[in-house]
Amino acid sequence: MTEIGRIISYALVLVFAENILFSRGLGSDVVLRLSVNPKDFFRFGIILTTATMISSVIGWGFSAVVSLLNVDIANPSLRLLLRTLVYLICLSALYVAFDRFMNKHFETRYSRFRKAMPIAIFNTAVLGAPAILARMEIALANTANLNGFLAALFVGAFVSIGFLIAVALMSEGIKQIESMDLPYAFSGLPARFIYIGLLAMAFSAISGRQADF
Amino acid sequence: MKAITTSPPFIRTDNTPAAIMGRVLLCLTSLLICSSFYYGARMLVNAAVSVLCCIICEYAVSRMARLPNTVKDLSAVVTGLSIILLLPATTPLWLIALLACFAILIAKAPFGGLGHNPFNPSACAVAFATIGWPELMFKYPSVPQTLPLFSSDMSGVSFGTSVVESLRNFSLPPYRLSDIFFGAVPNKAGTGFFLVIFVCAAFLIMKKAIRWRITASCLAVFILIAFLFPRAGTGFTAVFYELFSGYILFAAVFMITDPATSAKSLPGQYIYGAFCAVLISVMRRYGVYAEGTCFAIIICNAVAPAIDRITVKTAGRRHVINAEQK
Amino acid sequence: MQNKNNRLEEPKSESKYRAKIRGSMQHRLDKYRERSNANIERGLARTINLKDYKSEFLSKDEPETVGRVFMNGLLLDNPVLFNALGAVLIVGVCSTVQNAVLLSLLVLVLLIVNEFMASLFYKNAPPEIRLMAHVLTAALVLLPAGAVAINANATALNSFGIYLPLLCVSGLVTVRSEVFAIKHTLKLSMADALGNGAGFAWVAILIGAARELLSFGSVAGYPITGKVFGAGINYPFATFLMIGFLAALLKHLRRRHYQKNADAQTPSEEVQSDD
């Protein structure tokens, strides 16, 4: 296969097979509580997707900086926790700066998004995307000869596109569920769980393995 | 007395759910009879177990929900039969019972029963089986054979590769074309009898029991994709192998036209059929399993209401614009 | 007729009568725009659903005692089953009972500290950075808590993988602090933390036991049966289905519980005849 063909197939794998919502469950705490208004979904979905993508890129930059510092902690979990703490501090600083800037210059337009921004930025999908990038970087360098910043951009873009598709499918399903005459015990959240379960079952035929964490 | 508002000939068609299901049931029963010619009475035992489990589950659900008995709709029987027709004939009986319960209790009952299920229940059950027990689901007994009636011990049975698996390996299937067409090759239990499926499709379309536009556009796009991207052989041979393998034809006639889960608007039906065909082809070529049609059907069912909404909105808008210009 | 600033135009010469009509039309336009902006904001707030899925049976004037708040977190307004808050963690981590127990302990510690800080210190913070404060507090607490957990059982914690740092942002600790602890006293917040922690714990352990039984045939390391399912049970979809059915069961039991005490409090929604 040519280079482009390999890149395209890897992109498709990222979008459908390694879908962070259906194969790993990340982001389900936000998706399962969505309201069904199409305008809200679109706005919120776009914010979520952009945040995921930017987070991947920043995460790459961040891990590059960290690896330069050569901090050596034995246990991988502790290392991960420390990195997460520092990453969250950076993300919070960026968010506060962004919030102040938008409030000062685009107040009226930003006021509509302001309430949704915190939860769109601090959720499991946005924090999980750079972790997935870290795990895929080696595979990406081997198969597609992409390194460094380009790899981060590539993975971030396609992971967030996959997440947007997943959120779109779930929003469609939630809209359908809300208009159905469900039995009382299954109304609301339980039907959404079952819906996402069945859809994740369908997507697991593309990935076909338990996503190894 | 009812005022008759139609003109002669006064052809009467029953359009109750039971009647529509009854016609589909007739077709599925004919497929079942064909398969029992090839696999012996084991198929009838399979069918009995599956249908009985479905009926018991449906009855239990309607009792718990204190609704009128929905078994009369015959939809449970249809689900039960389509499940076993999609599994290999050597599936153990306990697995069939489990899948029948899964289809009714998990894919259908939580959403409110007949007409409300967002996904095709038999597709969900087959998908669950494929993921959970792949070693049981891809062993196809060679035909013709008499399988043991009740036991799960398949040691005396010989197995063969199906056409789908040969296509997956990009090799020509080692069977004659006429054998493939008449279903005398290892395959899932009831989906290999393409002549019978054609006759059933014609019957159902005549009686307006299924949405024929979905079937037509799905098959057209599928044939186009098989022609443009052949896997074994070239040209019409490739199309023949792709079309008469696995359960694409069965799915196109019986599963994706399910009125509860497919697109309802007319332009939407064409788009939905085309989308199904594309997704099924992609699943076959790039999915994990050799025959991933059931997964593709689940994803298509999830997209169907979006297709409806988009086509209706566009059509409505155009109508409004045209009215304004007048 | 509207100019660039969306105001109605003034013609060159205008009678008083016309001016009055234009004024009232402008007034109506402004009110309409105000209302639609308010709706958009409300809709967006509904999108994130921070306060949604509250138990429809809790009336507003119910006294919030410590016991009631605890039972709320444990059963009646369970964070996982009724608010979808901890589902990510259960899907990713709870494949064995051991993992589930460890996870629940971590969640309990995080909840207690987070709600403590929230009810004491974050009450006066501006709403935009409150959620951020919760997340940072949780991350700061997770570091020593994780170190202690590693001392206890390193292999189990390492098997959490990327889900370990997700404890800070998973909504289980942050949303609860944001919704409850900000507005209530310290004692009630502690009760809420304990209740929600216990609520998460029993769901996580139950589902962990089910997953372990079905995929490995053992419960908490004690072998009971052989393998029942193939490898398929460890996919996320099976966990979602299990959580869904558990949530349905609990919803049904909750309604039965309130139907029995129907004279004590009036449910805020009409009890339907179908189930």
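Here are some worked exercises on helix packing, chain interfaces and salt bridges in the model above.

This is a predicted model, in which local features need pLDDT of at least 70, side-chain atom pairs count only at pLDDT 80 or more, and totals for chains, interfaces and linings use all residues. Residues are numbered from 1 along each chain as its sequence is written, chains are lettered from A and ligands numbered from 1 in the order in which they are written, and side-chain values use heavy atoms, with hydrogens and water left out.

**Exercise 1.** Work out how α4(B) and α5(B) are oriented to each other.

*Solution.* Start with the helices, which are DSSP runs (H or I, at least four residues) numbered from the N terminus. Here α4 of chain B covers residues 93–105 and α5 of chain B covers residues 121–132. Next, take the axes, lines fitted to C-alpha atoms over the stretch in contact, with angles from 0 to 180 degrees between N-to-C directions. The two axes come within 8 Å and cross at roughly 135°. Now apply the classes: under 35 degrees is roughly parallel, over 145 roughly antiparallel, 65 to 115 roughly perpendicular, and the rest oblique. The pair α4(B) and α5(B) is therefore oblique.

Then look at the residues in contact (heavy atoms within 4.5 Å). Leu99(B), Phe102(B) and Ala103(B) of α4(B) meet Pro121(B), Cys124(B), Ala125(B), Phe128(B) and Ala129(B) of α5(B). By class, this contact has eight nonpolar, no polar and no charged residues. (Ala, Val, Leu, Ile, Met, Phe, Trp, Tyr, Cys and Pro count as nonpolar, Asp, Glu, Lys and Arg as charged, and the others, Gly among them, as polar.)

**Exercise 2.** Classify the packing of α1(B) with α9(B).

*Solution.* The axes of α1 (residues 17–39) and α9 (residues 194–206) of chain B come within 10 Å and cross at roughly 170°. That makes α1(B) roughly antiparallel to α9(B). The contact includes Arg23(B) and Ser30(B) from α1(B), and Phe203(B) from α9(B). Its residues divide into 10 nonpolar, one polar and one charged.

**Exercise 3.** Do likewise for α4(C) and α9(C).

*Solution.* In chain C, α4 (residues 97–121) and α9 (residues 186–215) pack at about 165°, with axes 8 Å apart. These two helices, α4(C) and α9(C), are therefore roughly antiparallel. Their contact holds 20 nonpolar, six polar and three charged residues.

**Exercise 4.** Describe the interfaces that chain A makes with chain B and with chain C.

*Solution.* Begin with the contacts: 26 residues of chain B touch 23 of chain A, while 69 residues of chain C touch 67 of chain A. Then take buried area, the accessible area (1.4 Å probe) that two parts lose on being put together, summed over both. Chains B and A bury about 2,000 Å², 76% of it from carbon and sulfur atoms. For chains C and A the area is about 6,000 Å², with 71% from carbon and sulfur.

Finish with salt bridges (a side-chain nitrogen of Lys or Arg within 4 Å of a carboxyl oxygen of Asp or Glu). Chains C and A have zero, and chains B and A have one. Arg309(B) and Glu172(A) form a salt bridge at 2.5 Å, N to O.

**Exercise 5.** Find which parts of chain A the pair Glu178(A) and Arg192(A) ties together.

*Solution.* The whole structure has 10 salt bridges over all chains. The side chains of Glu178(A) and Arg192(A) meet in a salt bridge at 2.7 Å, N to O. Glu178(A) lies in α8 (residues 148–178) and Arg192(A) in α9 (residues 189–207) of chain A, so the pair ties together parts 14 residues apart in sequence.
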